[in-house]
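Dear colleague,

Please find the structure below, handed over for your use. My findings follow it.

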Amino acid sequence: SSNMENDVSLKFHQQLLLISENLVTDDVAALKFLCTDLLHLSQLEGVKSAADIFNLLLAQEYLNAEDTFLLAELLYRIKYHSLLEKLGYTKEKVQERLHEKGRVSPYRQMLYELSENITNEMLKQIILLLHNHLPKRWTTLSALDLLILLEKRGMLTKDNVQILESIFMDVSPDLLEMIDCYKKAKGKDSSGWSFLFQPKVGLKYMVLEVLVLFSFKNVPFLTVRGHFNHLNQKTCSVVGLCTSEISVLLASFSTFFFSFLQIMASYKMDGPHRGFCLIINNVNFNSSQRKGSCKDAEQLKRVFTWLGLDVRTYTDQTSGDIKNLMETWQHVQDHKDRNCFICCILSHGKSGAIYGTDDKLVSIRMLTSHFTAKQCPQLAGKPKLFFIQACQGNNIQCPVYVDTDGTTSVLSSMQERVSLYESIPEDADFLLGMATVDGYVAFRHIEEGAWYIQDLCSNLQLLVPRGEDILSILTKVNEDVAKRDNPSRTKKQMPQPAYTLTRKLIFPIPMAPPPS
């Protein structure tokens, strides 16, 4: 067994050496650039050959004898398809697996494809335009060198490609389409959009794309997916492609087509600033303490910071403090540069309202009304999300380990209730996520935090990277909370969302791993 492992390792390193010997200086520069998001710049600066890059990838466990796909992807990206055979891959096999195993980010793909389309004459024009931003003694060797410099200086990031738009507006407007596609696709998984940044694969493929597009002219929307199957045999004879080649291209096009439709029906969430997230955490009341609430506030802060929001936390707010906060944030001018607004309130409550720490009620409708299009025009057309962890009824608190986010008195179940939809404005673009349905308590573990908040945070971390929209995520939260029960197995809880959203709300997938 040991000898067999040694033989496999030897053969693998021989393959790497052979591939390295076939890659010239420009290829090495391209590989370095494509690995920029995977390896530290300090490591890459010392690279002289492809073998150096391979050793770095081996050391970081991106590459091993059992899994060579990253190297196959890199060779595919730099269009060195003939070397794929050394790893047991073909161009088509790499294309098929990119959606599940691709490691090069859409941002890096877009920059590399741009560099491949920049001619020497265009490069001279770009350097002239950026004259004031470049080191006086710095000599540009290539388009990739220029892009790396812009990144090092913070002028170009995955969230801000404005400088590229300005440059190509003057130098080559036709390349703006590539940047625009990236901006629309940012945050989507590579299965939907890597097709846009694949190396060009010949005239016959371009002919096929045109045929596919024209074939949709008289196809009803609901039958589009089935229509792809009809194209295979029909189109093969026209452009001289084999069935497997057609299938690969159509699969890519199909995924792109439906991802495109999804993005067109979604809120814009790809700006440089995602938005503000307020967390109001009321812990200490005159007659009680909401133990476990700080755990919820900390988890919300970690998750929404991970999602790109600027989080502000306010602890132990009276009813007057809460009203003043809403008025203050209503008039914040920076909303105009943000994609959304989120407010999380952790407190006691009753039907249609939450308590300040002075035991006075604040209506949820009053809170949300500050952010209508009329009252806060900077957020017009943008999603406003309110998550409320508070009881909506006045039942007795549960026994040890479980608290209720309501007052401790026992009141009649005939108490006046407020419809959930009365708590949100008639304006569009609001979502109100309540921990419980009207009239009932919301449970909170005194050590682990509230059922609703903990399941909300867990599902955001699990499902945002899968590209799920917020309503799908809240449906899963409902399911998870409904499965919970208290230690005596006598009490349950059901959250309830209400919304006037007009589009899907999909958070861009963060580059960093989930916080927990």
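The protein contains 20 helices and twelve strands. Please note that this is a predicted model. Of its 516 residues, 50% are buried. The accessible surface amounts to about 24,800 Å², and carbon and sulfur atoms account for 52% of that area. When contacts between residues at least 6 apart in sequence are considered, 73% of them link residues at least 24 apart.

Asn-281 belongs to strand E1, which covers residues 273-281. Its relative accessibility is 2%, and because buried means under 20%, Asn-281 counts as buried. Beyond its neighbours within four places in sequence, Asn-281 is in contact with Arg-290, Ser-293, Cys-294, Ala-297, Tyr-314, Thr-315, Asp-316 and Leu-346. With one of these residues, Ser-293, Asn-281 also forms a polar contact from side chain to side chain, at 2.4 Å. Gly-356 lies 75 residues away from Asn-281 in sequence, while the C-alpha atoms of Asn-281 and Gly-356 are 10.0 Å apart in space.

The buried residues are Tyr-107, Arg-108, Gln-109, Met-110, Leu-111, Tyr-112, Glu-113, Leu-114 and Ser-115. Which helices do the buried residues of H7 pack against? They pack against H2 (25-34), H5 (69-77), H9 (143-152), H10 (162-171) and H11 (176-185).

The third is a pair of helices. Two packed helices are described by the angle between their axes and the distance between the axes. Helix H19 spans residues 451-463 and helix H20 spans residues 470-483; they pack at an angle of about 135°, and their axes are 9 Å apart. An angle over 145 degrees would count as roughly antiparallel and one of 65 to 115 as roughly perpendicular, so H19 and H20 are oblique to each other. The crossing of H19 past H20 is right-handed. On the H19 side, the residues that meet H20 are Trp-451, Tyr-452, Asp-455, Leu-456, Asn-459, Leu-460 and Leu-463. Their counterparts in H20 are Ile-470, Ile-473, Leu-474, Lys-476, Val-477, Asp-480 and Val-481.

With kind regards

Technical notes: Residues are numbered from 1 along each chain as its sequence is written. This is a predicted model: local features need pLDDT of at least 70, side-chain atom pairs count only at pLDDT 80 or more; totals for chains, interfaces and linings use all residues. Side-chain values use heavy atoms; hydrogens and water are left out. Helices (H or I, at least four residues) and strands (E, at least two) are DSSP runs, numbered from the N terminus. Buried means under 20% relative accessible area, exposed over 50%, partly exposed in between (1.4 Å probe, protein chains only). Contact means heavy atoms within 4.5 Å. Accessible areas come from the Shrake-Rupley method with a 1.4 Å probe; for residues, only the protein chains shown count as cover. A polar contact is a pair of N or O atoms within 3.5 Å; within protein, one must be able to donate a hydrogen and the other to accept it, and residues adjacent in sequence count only if both atoms are side-chain atoms. Axes are lines fitted to C-alpha atoms, for helices over the stretch in contact, and angles run from 0 to 180 degrees between N-to-C directions. Angles under 35 degrees count as roughly parallel, over 145 as roughly antiparallel, 65 to 115 as roughly perpendicular and the rest as oblique. A crossing is left-handed if the near helix is turned anticlockwise from the far one by less than a right angle, and right-handed if clockwise.
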